[in-house]
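Here are some worked exercises to go through with the coordinates open beside you. Try each task before reading its solution.

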Amino acid sequence: MTIFERNLVRFLTSDPAICNIHFTFRNPGGDLSITPRHIKGVALAIQAGRIRVCAGATVQAGAAAQYSQRVNQIQTPHYGFPTNVEERGLLVHEIVHALIDLNCCRNTTRLSDESAAYMAQVMYLAQNGVKNFTRRLPQYQTAFTVLQATGIVTPTGIRPGQTLAWADYEPLRLAIQRRPIYQSVGWLQTTGANGVPSTSQHDCSL
Ligand SMILES: [Zn+2]
């Protein structure tokens with residue numbers, strides 16, 4: 001493991017805000033749960049070299065970081081493991097994409113996958129004092145509104161273990177689909193996530 005990967009594993013398995021990221025969302029591909037246990041599964045896959053972190057990577061225009069299902073890599077433009085909440089939030093987002101791939105959720109819709117990633121990221125940020133999302137891209141504010149409307153984010157904290165119906169997070173799927181980089185993604189298009197090989201992957205070579 002690289003130092004970045006080592007720090008990421010420690011973050012995923014011990015940060016108190018991560019331990020509260022626990023929700024289930026319904027979508028045509030079946031129910032999917034994002035829980036600390038599933039997140040720990042991603043940490044174990046990183047530890048085993050099955051999912052790698054490519055630090056200092058060039059990411060797609062319009063993205064701040066990305067997860068590649070094809071090469072099972074979290075790709076971030078930063079070299080060092082971030083110390084600030086915003087950049088850690090971006091990693092939480094990508095970890096959800098990795099989780100969906102690791103669990104072979106090929107029938108999950110891509111917009112559900114993206115919605116779950118934004119919800120987890122916003123849950124992480126909200127627990128770290130970020131309460132105002134109005135100055136960000138619209139999907140952040142919409143994710144926050146959905147989390148409040150479903151009683152997951154409350155004025156006194158997070159309520160883990162809630163389930164979101166397909167209709168509950170429709171506004172979020174719509175807000176995501178309106179963004180330029182997701183405009184070509186169909187309403188029911190699926191992730192095709194085909195899992196992560198059980199063998200250790202090569203180091204990231206830029
Ligand atoms: Zn994403």
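**Exercise 1. What follows α5, and how does its length compare with the expected span?**

Step 1. Glycine 151 comes after α5, and its phi is positive, near 75 degrees. Before going on, note that this is a predicted model, where local features need pLDDT of at least 70, side-chain atom pairs count only at pLDDT 80 or more, and totals for chains, interfaces and linings use all residues. Residue numbers start from 1 along each chain as its sequence is written.

Step 2. Element names come from DSSP runs, numbered from the N terminus: helices are H or I with at least four residues, strands are E with at least two.

Step 3. The expected span of a helix is 1.5 Å times one less than its number of residues. With twelve residues, α5 reaches 16 Å from its first C-alpha to its last, close to the 16 Å expected.

**Exercise 2. Find which residues of α5 are buried, and what they pack against.**

Step 1. Apply the burial rule: a residue is buried if 20 or more other C-beta atoms lie within 10 Å of its own, exposed if 12 or fewer, and partly exposed in between, with C-beta atoms placed from the backbone.

Step 2. In α5 this picks out Gln139, Tyr140, Thr142, Ala143, Phe144, Val146 and Leu147 as buried.

Step 3. For packing, two residues are in contact if their C-beta atoms, placed from the backbone, lie within 7 Å. The buried residues of α5 pack against α4, β6 (153-154) and α6.

**Exercise 3. Work out how α5 is oriented against helix α4 and against helix α6.**

Step 1. Axes are lines fitted to C-alpha atoms, for helices over the stretch in contact, and angles run from 0 to 180 degrees between N-to-C directions. Angles under 35 degrees count as roughly parallel, over 145 as roughly antiparallel, 65 to 115 as roughly perpendicular and the rest as oblique.

Step 2. For helix α4 (residues 110-127) and helix α5 (residues 138-149), the axes come within 9 Å and cross at roughly 80 degrees. That angle makes α4 roughly perpendicular to α5.

Step 3. On the α4 side, Tyr118, Met119, Val122 and Met123 take part, meeting Gln139, Tyr140, Ala143, Phe144 and Leu147 of α5. To class them, count Ala, Val, Leu, Ile, Met, Phe, Trp, Tyr, Cys and Pro as nonpolar, Asp, Glu, Lys and Arg as charged, and the others, Gly among them, as polar. The α4 contact with α5 then has eight nonpolar residues, one polar and no charged.

Step 4. The axes of α5 and helix α6 (residues 170-177) also come within 9 Å, crossing at roughly 175 degrees. This makes α5 roughly antiparallel to α6.

Step 5. Pro138, Gln139, Thr142, Ala143 and Val146 of α5 form this contact with Pro171, Leu172, Ala175 and Ile176 of α6. Seven of the α5 and α6 contact residues are nonpolar, two are polar and no residue is charged.

**Exercise 4. Is α4 largely enclosed or left open, and what follows it?**

Step 1. Of the 18 residues of α4, 17 are buried, so the helix is largely enclosed by the rest of the structure.

Step 2. The end C-alpha atoms of α4 are 26 Å apart, which agrees with the 26 Å its 18 residues should span at 1.5 Å a residue.

Step 3. After α4 comes glycine 129, with a positive phi near 90 degrees.

**Exercise 5. In what order do the strands β3, β4 and β5 stand, and what packs on their sheet?**

Step 1. Two strands pair if DSSP finds at least two bridges between them.

Step 2. The order is β3-β5-β4, in an open sheet with mixed pairing. The edges are β3 (52-55) and β4 (66-68), each with a single partner strand, so one side of each lacks a neighbour in the sheet. On average, neighbouring strands of this sheet are turned by 25 degrees against each other, direction ignored.

Step 3. Helix α3 (residues 85-102) packs on the sheet and touches β4 and β5, its direction making about 20 degrees with that of β4.

Step 4. Four bridges join β3 to strand β5 (residues 73-76) in the parallel sense. In β5, threonine 76 is the bridge partner of alanine 55, and isoleucine 74 is that of valine 53.

Step 5. Both faces of β3 are covered, with Arg52 and Cys54 buried on one side and Val53 and Ala55 buried on the other.
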